[in-house]
Amino acid sequence: MPKSETPILYIVIPCYNEEEVLPVTAPLFRQKLLDLRAAGKVAETSRVLFVNDGSRDRTWEIISGLAASQPEYEGVCLSRNRGHQNALLAGLMDCRTRCDITISIDCDGQDDINAMDAMVDAYLSGCDVVYGVRSSRETDTAFKRGTAQAFYRLMERMGVETVYNHADYRLMSSRALVALAEFREVNLFLRGMVPLVGFKSTSVYYERHERMAGESHYPLSKMVGLAVDGITSLSIKPIRLVTFFGLAASLVGLIGIIWALATWAMGHTVSGWASMVMVICFFGGVQMLSLGVIGEYVGKTYLETKRRPRYIISERTEEEPERTEEG
């Protein structure tokens, strides 16, 4: 059902060591907010909310200065670095009782902020979740494009529901945020969790630009770690694959035993050092790989049972809201 009231929008932006790009992109986010207000699409009390993820540079100092200079800016500071996903969740959970919709976006200016107009229109038309999806990857290097495609393909094969070419640029209604708050796991992969929330959703397509300043904080190693977290947090398919692989290896081993016994019975046994070494190395590798996969799940379970907070907010640029939710 279409929404008739003018919604309160919070643009949530996680920041980690962004002192170079923040002075460039912050005015752009504020201007987009003002444009949406002028068009009558969002309320006057809409805000830009920066989340400082334990930065080691002047990021929090810049955020505090922005909040002091313009009423449209707000900021919260985490007590330590908790990673992009936790910082983003902290911002979403912090403002969900003060807004009708949120739009999460990275600080680097690569995502097209003009896509926010279409996102808000989709919300006003009845959608609770609107995904910002890249229309192409022509600006990426061949290596980055290939690894990104492999990432989404791997997630799909492992049974994790994601939106292809969507990162964390999305609109979520307050209703969707309340539902997201019910997901209490410590190991976060929001790209896979948000589709599980359900509600009516759609996608908005846009062209991604080059980073406006500074360096990327998401190298290949973090992409690999994100993929591992996403798979092990939302799918047990790797465990099943290990089981099937172990079954196949057992069948091969059984065939080898029958062959060895038959050869011995016919008196054709010949000592084979190379074949023995290959068999030992193969099964030893299978066992270590299997233990590694199982260990990853055991470790995740261990962290979940501790129920440690996913984030702790240490400072705010505004007064603490009346009702807060633990991370």
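Some ground rules. Residues are numbered from 1 along each chain as its sequence is written, and side-chain values use heavy atoms, with hydrogens and water left out. Because the model is predicted, local features need pLDDT of at least 70 and side-chain atom pairs count only at pLDDT 80 or more, while totals for chains, interfaces and linings use all residues.

Start with helix α4, residues 115-124. Helices here are DSSP runs of H or I, at least four residues, and strands are runs of E, at least two, numbered from the N terminus. Which residues of α4 are buried? They are Ala115, Met116, Met119, Val120, Ala122 and Tyr123. Buried means under 20% relative accessible area, exposed over 50%, and partly exposed in between, with a 1.4 Å probe and protein chains only. Down the axis of α4, the buried residues fall within an arc of 155°, so they line one face of the helix. That arc is taken from the directions from the helix axis to the C-beta atoms. Their cover includes α1 (22-38) and β5 (129-134).

Next, Val197, in helix α7. Val197 has 13% relative accessibility, so it counts as buried. Leaving out residues up to four places away in sequence, Val197 touches Ala176, Ala179, Leu180 and Phe183; contact means heavy atoms within 4.5 Å.

Last, the rings. The whole structure has 2 aromatic pairs. In one of them, Tyr169 and Tyr206 have ring centres 5.3 Å apart and planes at 80°, so the pair is edge-to-face. Rings of Phe, Tyr and Trp (its six-membered ring) pair if their centres lie within 6.5 Å; planes under 30 degrees apart are stacked, over 60 edge-to-face, and the rest tilted. Both Tyr169 and Tyr206 are buried.
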